Amino acid sequence: MISFTIALLALIVGYFLYGRFVEHVFAPDERETPAVAHADGVDFVVLPTWKIFMIQFLNIAGTGPIFGAIMGAWYGPSAYLWIVLGCIFGGAVHDYLSGMLSLRNNGAGLPELIGKYLGQRARTVMLVFSVLLLMMVGVVFVYSPALILNNICGNTDSFFGSTMFWVMLIFVYYVIATLLPVDKIIGRIYPFFAFSLLFMAVALLVCLYIKMPEIPEFWSDLRHANLNNPQSIFGVEQYTANNPIFPCLFITIACGAISGFHATQSPLMARCLKSEHHGRPVFYGAMITEGIVGLIWATVSMYFFYYGGWREVVSPDVYDRFMAQLNADGGKTLVQFFQAPSVVQYVCEGWLGIVGGVLAILGVVAAPITSGDTAFRSARLIVAEAIHFDQKAISKRLYICIPMFVAAIALLVWQMTNPDGFNAIWQYFGWSNQTLSVFTLWALTVYLATHNKPYIITLIPALFMTVICFTFLLASKQAFGLNSMIVNIGACIVLVGALVWFFAWRKKKF
């Protein structure tokens, strides 16, 4: 628990020290915000700061800092370092500056910001890339909660007891939430769901310090333990080239460290802020909060997977079922049997009782649904901004939403009819998500350099994430699966190339 405590304190101190430094670099002032200057009662609406924080937190979180941290914990204590350093110096800076740049540019969406600082070609690429990513988010977060709801309510032969019924119900909600003004549904129910996620995290934090379980430390001899190895179980130290820590850990834990998806969500709340001075608690603060949630779940999961914590929380029948599969020829390993949603359910019910079970349902059902509807809302606004289409009239919102939802339904049907459809979309989403952060970080670096500000605060994260996203294609078994030597050579080439490009641009610019 020493490493966990140090990491937790580092995140809190990071908000007050480095967060204030980043705020000083940007220098917020008293100018009129888009919520006041362009108030339309639909998307540009002044909301209380506490409510904006809660909505921003839920928008960027969903199940990301939970599921990502659980899967990232399979890599051992290195997950701590990535969550802490990635969140303070990467993700929170990324979220704060992208949100504040949107404020300074009349609430502009991410593609417009990319176009302004990286050029119109990059804007066009980002426009298509962002909309596709947001649609993938919406589709991914339709089917998974529908399956969970169907399991909870009982699978029956009638249509109203089928997965398709829940899919349709969630999709209807998406349509309504995407079309209605931001303060009608999102502004009213999101703070409650955000509170539920925070309450669940705090309750687990209290349980950790009461139980004081044995968990890995920074100095634990687990550097070779990789539970992604199909032959590895209970922390047996067998290294595998499949999904190596570098770079796969940095793709697996996105929300909770750094996530490009956040830059598509920050403009939604930038259109609701009354003052620029509220940006640090809303944007930087929400990301640090997400990092704390990710840290808690990574810690719980390391105990669950590495030190037999799963035996404490599962029921006898689940234990017997796992042992039977383990002893069977080709049986599932620990990480294959206990997928992320089941870990949430077992831990919450085992440690928090009935209340925990309710919170688990909210966490694995409500959270992805709320991420999905804001994803579609962001896509609508991005398209509307690109074609200069006013969104005050609901008929004009429908012009964009109808073809968008038709395309999303087609993608959803493909996912449901393809046996590996969900995994395929999720893999594309994970890489695309971090690639989006690369574009955003480079745009922020150009902005800081252009305004003679210390661009080093975004240049280093931009270089790091550029290398990560490129080498992931080389190293991951889902892509090329090349050996470590080729991956390392590729990483060096990309790093040098990115540095040469940036300083050549800077020399030409100035």
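Predicted model: local features only at pLDDT ≥ 70, side-chain atom pairs only at ≥ 80, totals over all residues.

The tour starts with overall features and then moves to selections.

Residues are numbered from 1 along each chain as its sequence is written, and side-chain values use heavy atoms, with hydrogens and water left out.

**Whole chain.** Show the cartoon: the chain has 21 helices and zero strands. Both are DSSP runs numbered from the N terminus, helices being H or I with at least four residues and strands E with at least two. Of the 510 residues, 61% count as buried; buried means under 20% relative accessible area, exposed over 50%, and partly exposed in between, with a 1.4 Å probe and protein chains only. Among contacts (heavy atoms within 4.5 Å) between residues at least 6 apart in sequence, 81% join residues at least 24 apart.

**Colour by confidence.** pLDDT is the predictor's confidence in each residue, from 0 to 100. The chain averages 82, and 88% of the residues score at least 70. Confidence is highest in helix 2 (residues 18–26), at a mean of 96, and lowest in helix 16 (residues 334–337), at 72. Now select residues 230–241: the pLDDT there is below 50, and the stretch has 33 contacts in the model beyond near neighbours in sequence.

**Helix 2 and helix 6.** Two packed helices are described by the angle between their axes and the distance between the axes. Axes are lines fitted to C-alpha atoms, for helices over the stretch in contact, and angles run from 0 to 180 degrees between N-to-C directions. Select helix 2 with helix 6 (residues 78–104): they pack at about 30°, with axes 11 Å apart. The crossing is right-handed; a crossing has this hand if the near helix is turned clockwise from the far one by less than a right angle, and is left-handed if anticlockwise. Helix 2 contributes Tyr 18, Val 22, Glu 23 and Phe 26, and the helix 6 side includes Ile 88, Tyr 96 and Arg 104. The contact residues divide into ten nonpolar, no polar and two charged. Ala, Val, Leu, Ile, Met, Phe, Trp, Tyr, Cys and Pro count as nonpolar, Asp, Glu, Lys and Arg as charged, and the others, Gly among them, as polar.

**Loop residues.** Step to Ala 27, in the loop between helix 2 and helix 3 (34–37). Ala 27 has a positive phi of about 65° although it is not a glycine, and is partly exposed at 37% relative accessible area. Asn 106, in the loop between helix 6 and helix 7 (110–118), also has a positive phi, of about 60°.

**Helix 10 and helix 13.** Select residues 186–211 and 279–306: the axes come within 10 Å and cross at roughly 45°. The two helices are therefore oblique to each other. Angles under 35 degrees count as roughly parallel, over 145 as roughly antiparallel, 65 to 115 as roughly perpendicular and the rest as oblique. This crossing is left-handed.

Which residues does Ser 130 touch, beyond four places away in sequence? Select Leu 110, Pro 111, Ile 382 and Leu 436. Ser 130 lies in helix 8 (residues 120–153) and is buried at 0%. Finish at Asn 59 in helix 4 (residues 49–61), buried at 1%; its contacts include Tyr 190, Phe 261 and Thr 374.
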